[in-house]
Every structure is written in C-alpha cells, then in structure tokens.
Amino acid sequence: MLILRCPYCGICADETELTPGGEAHLTRFGPGSTDEDFEAYLFLRQNPKGVHIERWCHTCGCGKWFHAVRCTATLEIFGTYSAQNLRPPPDIIEAIKIRRPDWGGFHK
Amino acid sequence: MSNAVSVLGGAGFSGIIRVVDAGVTGMITLRGDLACPKIAGAVKATVGVNLPQARNITQNGHNGAGWMSSDELLLTCPYEEACTKVEKLEEALKGEYFLVADVSDARARFTLTGAAVREVLAKGSPADLSPGAWPVGELRRTRLGQVAVAFWLRDDITAELVCFRSLGKFVWDWLNVTAGDDVPGYF
C-alpha cells in the first residue's frame with residue numbers, strides 16, 4: 001500500500017484515494033512533430049526498476065495532480081512535489097541520492 | 001417554482017448511530033485564488049463566515065465555508081438563498097478570476113449523530129479518523145466505500161456528510177448497512 005502526501009492539501013492519502021498518472025515530466029509532441037518524437041511521446045516509457053518519477057491525482061480528495069518519486073522495486077517513497085515543477089526540486093533530488101547513491105539522476 | 005426535494009426525502013435510520021437525510025441544502029462552489037482578499041471579503045459579506053484554514057470548515061448556523069482544495073471553497077446556506085448568494089458573489093468578485101456555481105441540486109447531505117460516528121465512517125474510508133487526526137471542524141474529502149464524499153464533525157458526536165446526489169442512494173444504503181452493524185471499536 002502506497003501512502004503519498006499530497007503537496008496541495010497536506011493529507012497523507014493512501015493509494016485508494018489516488019489515481020496513478022504514469023511517468024512524469026514528459027515533453028508533449030503534438031501536430032507537426034516527427035513520427036519518431038510523436039511515437040516516443042505516446043508510447044515509449046522508461047519503466048525502470050528503481051527510482052521512478054510519477055504523476056498522481058488526489059482524486060478522492062482535493063482533486064489536484066502532483067508528482068511523486070518512488071522506488072518501483074521496494075515502493076519506498078522519496079518525496080512528493082507540486083505539478084507546477086518542470087523538474088524535481090533540489091530537496092527531492094537530495095533525498096533520492098541519500099537513499100540511492102547509484103541513481104543516474106534526472107535526465108530531460 | 002418546482003418543489004425541491006432532497007435525495008431521500010428526509011428519511012432517517014437508527015442503528016449504532018442515527019443517520020438522517022438532512023434535506024435540501026444550499027451549496028455553492030466558489031473557485032479562485034483564496035489568497036485574494038476580495039474573495040475573503042465576498043465570502044464574509046455573503047455567508048457571514050471567515051475564510052477557513054486549509055482543510056477546515058467555518059460555520060455559523062446553516063451558513064458555512066469549507067476548504068475543498070487550494071483554490072476551491074464549498075459555501076453552504078439555506079436552500080432558498082443559494083440563487084441570490086450566487087448573484088451577490090458574482091457582483092462582489094467582478095473583475096477577479098473566479099467561478100461560482102449553485103450546486104445545491106447536485107449534492108446530497110446526511111447528518112450522522114452518535115458516539116460511534118467516527119467508527120462508522122472509518123469502516124468505509126481510508127482516512128485516519130482517530131480523534132487526534134480528525135478534529136472537530138476539519139473537512140475531510142475522501143471516499144466512502146467506492147465513492148467520493150466529504151465529511152466534517154460539527155461536534156464530538158455529530159458529523160455532516162456531503163456527496164453527489166446521484167450517489168445519494170448508494171451512500172444512504174451503505175450507511176444503513178454499516179450503522180446497522182456492531183461498533184468495530186477502532187478508536
């Protein structure tokens with residue numbers, strides 16, 4: 001059972017109150033982009049075993065989308081932050097590095 | 001004007017707590033920047049209560065203002081006054097970025113009374129409803145069974161619950177089954 005702290009309402013919500021939104025920080029490629037970019041945007045995901053940055057929606061609560069970082073293998077949560085961030089904030093990156101020193105870092 | 005009726009017409013049920021369809025209630029959704037002083041002023045002028053702190057509800061009789069999210073309030077008032085209050089809010093907030101909607105007919109409200117009120121709600125909600133985590137006056141949006149609801153404590157033994165009207169019968173049935181059962185003794 002995942003318990004994520006919603007950065008908007010501050011509630012520690014369990015996953016039955018939340019809706020998963022898949023990998024975070026995707027760049028949208030729409031009309032006019034190359035077929036390769038569009039395919040990658042639609043279908044290609046990192047799917048790592050380890051640190052994963054995701055989008056979640058507090059559906060049965062305040063209704064806001066936010067970001068969460070967790071380990072897909074152990075379900076450890078490294079932190080959550082608001083959807084207004086285009087990349088993980090420094091304190092989140094720091095928290096991941098403390099627990100996973102071999103993590104490759106955030107690439108965009 | 002049509003005769004407004006609530007989802008279960010004021011039905012009541014007594015089990016380990018008393019569950020009552022609280023009748024038609026004026027409910028207004030107000031969205032906007034809650035930090036904007038004009039919003040606080042308009043809420044005070046319209047429903048007569050102060051802006052709530054995050055996750056709280058401020059109440060004065062039938063009137064109240066509940067914090068639904070960082071940019072959304074739920075204003076409650078007597079059913080007949082909702083229409084005029086919406087107009088008043090729209091007038092007061094002219095020029096601001098906001099949205100006001102009368103959602104009275106889209107919602108159902110139940111009043112739950114009894115010492116076991118926390119226990120009954122905790123049977124269907126993942127929220128921590130222990131006295132330390134859910135104090136009187138805190139509005140908790142969560143789920144009950146499989147549907148989204150919001151509830152708050154008026155006092156130690158009285159809770160108010162709001163849900164979508166279309167789900168009112170489900171919530172009513174759920175509360176009847178749960179309140180007809182034993183006190184689980186979580187807290």
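## Interface between chains B and A

Chain B and chain A bury about 1000 Å² between them, with 49% of it on carbon and sulfur atoms. Buried area here is the accessible area (1.4 Å probe) that two parts lose on being put together, summed over both. On the chain B side, Arg55(B), Arg140(B) and Arg143(B) lose the most area to chain A. Together they give 39% of what that side buries. In contact terms (heavy atoms within 4.5 Å), 14 residues of chain B meet 12 residues of chain A.

## Basis of the values

This is a predicted model: local features need pLDDT of at least 70, side-chain atom pairs count only at pLDDT 80 or more, and totals for chains, interfaces and linings use all residues. Residues are numbered from 1 along each chain as its sequence is written, chains are lettered from A and ligands numbered from 1 in the order in which they are written, and side-chain values use heavy atoms, with hydrogens and water left out.

## Polar and charged links across the chains

Chain B and chain A share 2 salt bridges. The term covers a side-chain nitrogen of Lys or Arg within 4 Å of a carboxyl oxygen of Asp or Glu. Glu17(A) and Arg140(B) meet in a salt bridge through their side chains, at 3.4 Å, N to O. The interface of chain B and chain A also has 7 residue pairs in polar contact, both at pLDDT 80 or more. A polar contact is a pair of N or O atoms within 3.5 Å; within protein, one must be able to donate a hydrogen and the other to accept it, and residues adjacent in sequence count only if both atoms are side-chain atoms.

Strand 9 of chain B supplies the largest share, 4 residues. Helices (H or I, at least four residues) and strands (E, at least two) are DSSP runs, numbered from the N terminus. By class, this side of chain B has 5 nonpolar, 3 polar and 6 charged residues. Ala, Val, Leu, Ile, Met, Phe, Trp, Tyr, Cys and Pro count as nonpolar, Asp, Glu, Lys and Arg as charged, and the others, Gly among them, as polar.

## Two domains in chain B

Chain B is assigned domain 1 (12-23 + 107-178) and domain 2 (26-105). The bounds come from an automatic or database domain assignment. The C-alpha centres of the two domains lie 22 Å apart. Their contact takes 11 residues from domain 1 of chain B and 16 residues from domain 2 of chain B.

The two domains bury about 1200 Å² between them, and carbon and sulfur atoms give 51% of that area. In domain 1 of chain B, Arg107(B), Leu139(B) and Arg141(B) lose the most area to domain 2, together 51% of what that side buries. The domain interface has 1 salt bridge. It also has 5 residue pairs in polar contact, both at pLDDT 80 or more. Strand 8 (107-113) and strand 10 (147-155) of chain B give two or more residues to the domain 1 side. Strand 8 of chain B gives the largest share, 3 residues. The domain 1 side divides into 4 nonpolar, 1 polar and 6 charged residues.

## Aromatic pairs

Over all chains, the count is 3 aromatic pairs. Rings of Phe, Tyr and Trp (its six-membered ring) pair if their centres lie within 6.5 Å; planes under 30 degrees apart count as stacked, over 60 as edge-to-face and the rest as tilted. The ring centres of Trp134(B) and Phe151(B) are 5.2 Å apart and their planes stand at 70 degrees, so the pair is edge-to-face.
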